[in-house]
Amino acid sequence: MNKAYLWHPFTQMRDYENTDPLIIERGEGIMLFDVQGRAYYDGFSSVWLNVHGHNVPELNEAIADQLGRVAHSTLLGMANIPAIELAAKLAEITPNGLNKTFYSDSGATGVEIAIKMAFQYWSNRGNTRKKTFVTMDQAYHGDTIGAVSVGAIPLYHEVFRPMLFPSHVIPYPYGYRHTGGAPGAKEATLTALRLLLETSGDEIAALIVEPIVQGAGGMIVMPSGCLREMAELCREHDVLLIADEVATGFGRTGAMFACDLEGVTPDLMVVGKGLTGGYLPVAATLATDEVYGAFHADYLERKTFFHGHSYTGNPLGCAVALASLKLLEERNMVQGVIAKESFVRRKLKALEERPHVGEIRQKGLMIGIELVRDKALREPFAWEDRIGVRVAARARELGMLTRPLGNVIVFIPPLASTEDELDVMTDLLTASIVDVTEGQSSA
Ligand code: PMP
C-alpha cells in the first residue's frame, strides 16, 4: 500500500519502489521503531526538528489536555489561549524588538508570510519601488512558490524558474570551497552585498538569510562576524533583514536563536520545525513593532495584511510548543547543547584523518560532513556515486537514521540526546562513512 498509494516528498519514486521501505510505528526517547520492531537512533531528528525525543510524557499531556478543551477553532477575528500565550513567550525569547507573532503551519508558509510582509511593508509606507529580494547561493527556504523564488539550489529550483519571481543571488561564504578560505569567502559575500545594495538598494525590499548555518545547502557555517556585518549593511541601505531560523531556532546551534550568536535583531524572523518540539506543524513569523506599525491603519487605507490559513494558530500545536519551550528552559537545554557540541566535536575529530572526509562542519548540534573523492584536490564525489545515499543506507543497516544532502552527511541528533547516546551515534556515523568510502561495504 505504501508503494501503491503514497507519493513521497523529495523522492524519485522509481528508485524508492526498489528499496526495502522503512515504516515507522513508534518512537521512544531518541529511538524510532519500525513495523518489524527494529530500533533506530533518530540521527537527523526526523528532519531536523525533534528536540526532546519521541513520546515525551510532558508533551503528550499538553496535547491531551488541550484536546479535552478544543482541537481547533480559528484566529480569524477570534483567539485561543495557547496561541496568545505562545505569542507572548516568543516575544520574550526572540531577539529584542520582535514582538508580534503571525502563525502558519510550516517553515515554507512562514517564509512566504515574511516575504509578503516585507513587500507590503514598503508598499504600505508609500514606497512602491522596493519589490525584489536578495538571497544567497544554495539557499533553501521551503517549497512554496515564494519560498522557491528565494531559493537557490538548482537541483530543486531550476525546473520552476519560469514561474518564479526573480531574486538577486549573492555568494554564500563557503570557506572550504573558496580559494581565499573562510576570510576570502566572507569578504566576497560582503563585497557582493555592499555593491548590490549600493547600486540597487532602492529596489530591494529585503535580504533573506539562513543565519549562521546554511542547512539544505550543505550545513555550511558562516565565518564569524559575517551575519552581523550583513545586518549592518541592510540597515545602512534601508533594506529589511529576514532571518529564516526554521532549522537553526530553539537551541540547535548552541544559542536560543542563531541570530543571538552575533547579537542580530532581524526585522522579520521565521521559526518552525523545533517550535513544537517536533510534534505538530506550527510555524511563526515574528515582526518588529516597526514592521507591524506599517500595517496598523484605518481599514479604508487598505494596509491590512490579507493572509491566513485555516489552521493558523492551532491550539493543539501552540499548547505543545509552550510545553516544549518550558522543558527547554527547565532543563537548561540550550546550555546543554554547548557541552554536547564539544563532546561531538571531540568524537568526530578522528574522522578528519580519513581519506574521503573533506570537511566536518559543526555549530551546536548541527553537523555536516562533506565527503570528497580526492581529499588533496577537494574533488567532490560524482553525482552518480550516490555516496551520501549509500552512507545513509549503511547507517540504517547499523541502526541509525539520517538523510544526506548530496555528498554531505547530516548529523542532527535530538537536543535531548545524552552523551552516551551521542557516543553510540557518532560511532555508528563513523562506521557508516568508513565502510562505504573505504570500500568495506557498498551497502
Ligand atoms: N527554511 C529552512 C532554513 C529550512 O531548513 C526548511 C526545511 N528544511 C524550511 C525553511 C522549510 O520548512 P518546512 O519544510 O517546514 O516547510
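In this predicted model, the contact between the two domains involves 27 residues of domain 1 and 25 residues of domain 2. On the side of domain 1 that touches domain 2, the elements that each supply at least two residues are α3, α13, β13, β14 and β17. The largest share of that side comes from α13, with five residues. By residue class, the side of domain 1 facing this contact divides into 14 nonpolar, seven polar and six charged residues.

| Element of domain 1 | Residues |
|---|---|
| α3 | 45-48 |
| α13 | 333-348 |
| β13 | 357-363 |
| β14 | 366-374 |
| β17 | 408-411 |

Domain 1 is made of two segments, 2-55 and 332-437, while domain 2 covers 61-330. The C-alpha centres of the two domains are 26 Å apart.

**Overall form**

The protein chain contains 15 helices and 17 strands. Its C-alpha trace spans about 70 × 55 × 45 Å along the principal axes. The radius of gyration is 22 Å, which agrees with the value near 22 Å for a compact globule of 443 residues. Of these 443 residues, 47% count as buried.

**Nonpolar core**

In soluble globular proteins, nonpolar side chains tend to be buried together. Here the largest nonpolar core has 125 residues. Those with the most contacts inside this core are Ala118, Ala206, Leu207, Leu240, Ile242 and Leu268. The core draws at least three residues from domain 1 and at least three from domain 2.

Leu240 illustrates the packing. Apart from neighbours within four places in sequence, Leu240 is in contact with Ala118, Tyr121, Ala205, Ala206, Cys234, Asp267 and Leu268. Of these partners, Ala118, Ala206 and Leu268 are also listed among the residues with the most contacts inside the core.

**Lys273**

An unreviewed UniProt entry annotates Lys273 as "modified residue: N6-(pyridoxal phosphate)lysine". Lys273 is found in the loop between β11 (268-271) and β12 (283-288). Not counting residues up to four places away in sequence, Lys273 touches Trp48, Leu49, Gly107, Val246 and Ala247. Trp48 and Leu49 fall in the 2-55 segment of domain 1, whereas Gly107, Val246 and Ala247 fall in domain 2.

Definitions and conventions: Residues are numbered from 1 along each chain as its sequence is written. This is a predicted model: local features need pLDDT of at least 70, side-chain atom pairs count only at pLDDT 80 or more; totals for chains, interfaces and linings use all residues. Domain bounds come from an automatic or database domain assignment. Two residues are in contact if their C-beta atoms, placed from the backbone, lie within 7 Å. Helices (H or I, at least four residues) and strands (E, at least two) are DSSP runs, numbered from the N terminus. Ala, Val, Leu, Ile, Met, Phe, Trp, Tyr, Cys and Pro count as nonpolar, Asp, Glu, Lys and Arg as charged, and the others, Gly among them, as polar. UniProt positions are given in the numbering used here, feature names are shortened, and annotations may be inferred rather than shown by experiment. The radius of gyration is taken over C-alpha atoms; the globule rule is 2.2 Å times the number of residues to the power 0.38. A residue is buried if 20 or more other C-beta atoms lie within 10 Å of its own, exposed if 12 or fewer, and partly exposed in between; C-beta atoms are placed from the backbone. A nonpolar core is a set of buried Ala, Val, Leu, Ile, Met, Phe, Trp, Tyr and Cys residues joined through C-beta atoms within 7 Å.
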